[in-house]
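Please look through the sequence and the model below before reading on. The paragraphs that follow go from the overall fold to one helix, and then to a few single residues.

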Amino acid sequence: MALMLYSTEGCHLCEQAYELYQSLGCQTPLDTQDIAFDDKLFERYGVTIPVIAVLTSEGQVRAELGWPFDSTQLQAWLIEHGID
């Protein structure tokens with residue numbers, strides 16, 4: 001299982017989402033994927049980033065949390081999906 005932050009360069013909300021995750025002190029790394037260079041990702045997330053997703057070992061999206069969210073909502077979502 002992996003965590004992905006769908007983002008793009010210069011997205012201040014994406015930076016805030018990343019900082020919120022970091023502030024929780026979770027051990028699971030949060031990878032980032034710039035949607036600007038992938039047409040499918042841009043079509044899916046272009047107007048909804050930042051989005052944090054739990055990915056399966058095959059790279060499929062298992063669950064998503066879209067902005068807006070605060071640290072309490074993010075922490076509850078992570079716990080719900082077994083992320084530490």
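**From the fold to single residues**

The protein has three helices and four strands, where helices (H or I, at least four residues) and strands (E, at least two) are DSSP runs numbered from the N terminus. Read from the N terminus on, these elements follow the order β-α-β-α-β-β-α. This is a predicted model, in which local features need pLDDT of at least 70 and side-chain atom pairs count only at pLDDT 80 or more, while totals for chains, interfaces and linings use all residues. Residues are numbered from 1 along each chain as its sequence is written, and side-chain values use heavy atoms, with hydrogens and water left out.

For a chain of 84 residues, a compact globule would have a radius of gyration near 12 Å, and the protein agrees with this at 12 Å; the radius is taken over C-alpha atoms, and the globule rule is 2.2 Å times the number of residues to the power 0.38. Along the principal axes, the C-alpha atoms fill a box of roughly 30 × 30 × 15 Å. Of the 84 residues, 36% count as buried, a term that means under 20% relative accessible area, with exposed meaning over 50% and partly exposed in between (1.4 Å probe, protein chains only). The protein exposes about 5200 Å², of which carbon and sulfur atoms supply 49%, the areas coming from the Shrake-Rupley method with a 1.4 Å probe and, for residues, with only the protein chains shown as cover. Among contacts with a separation of 6 or more, 60% join residues 24 or more positions apart, contact meaning heavy atoms within 4.5 Å.

Which residues of helix α3 are buried? In this helix, which spans residues 71-80, they are Leu74, Trp77 and Leu78. Seen down the axis of α3, the buried residues fall within an arc of 100 degrees, so they line one face of the helix; the arc is that of the directions from the helix axis to the C-beta atoms. An α-helix has 3.6 residues a turn, so residues three or four places apart point the same way. The buried residues of α3 are covered by elements including β1 (2-7), α1 (12-23), β3 (51-55) and β4 (61-66), whereas the face turned away from the buried side carries the exposed residues Thr72, Ile79 and Glu80.

Just after the helix, Gly82 takes a positive phi of about 70 degrees. The segment after α3 also holds His81, which counts as buried at 15% relative accessibility and, not counting residues up to four places away in sequence, touches Met1, Val54, Arg62 and Ala63.

Strands β3 and β4 pair in the antiparallel sense over five bridges, pairing requiring that DSSP find at least two bridges between two strands.

Thr28 sits in the loop between α1 and β2 (30-34) and is buried, with a relative accessible area of 17%. Leaving aside neighbours within four places in sequence, Thr28 is in contact with Leu3, Tyr21, Ile83 and Asp84. Glu15, in helix α1, is partly exposed at 46% relative accessible area.
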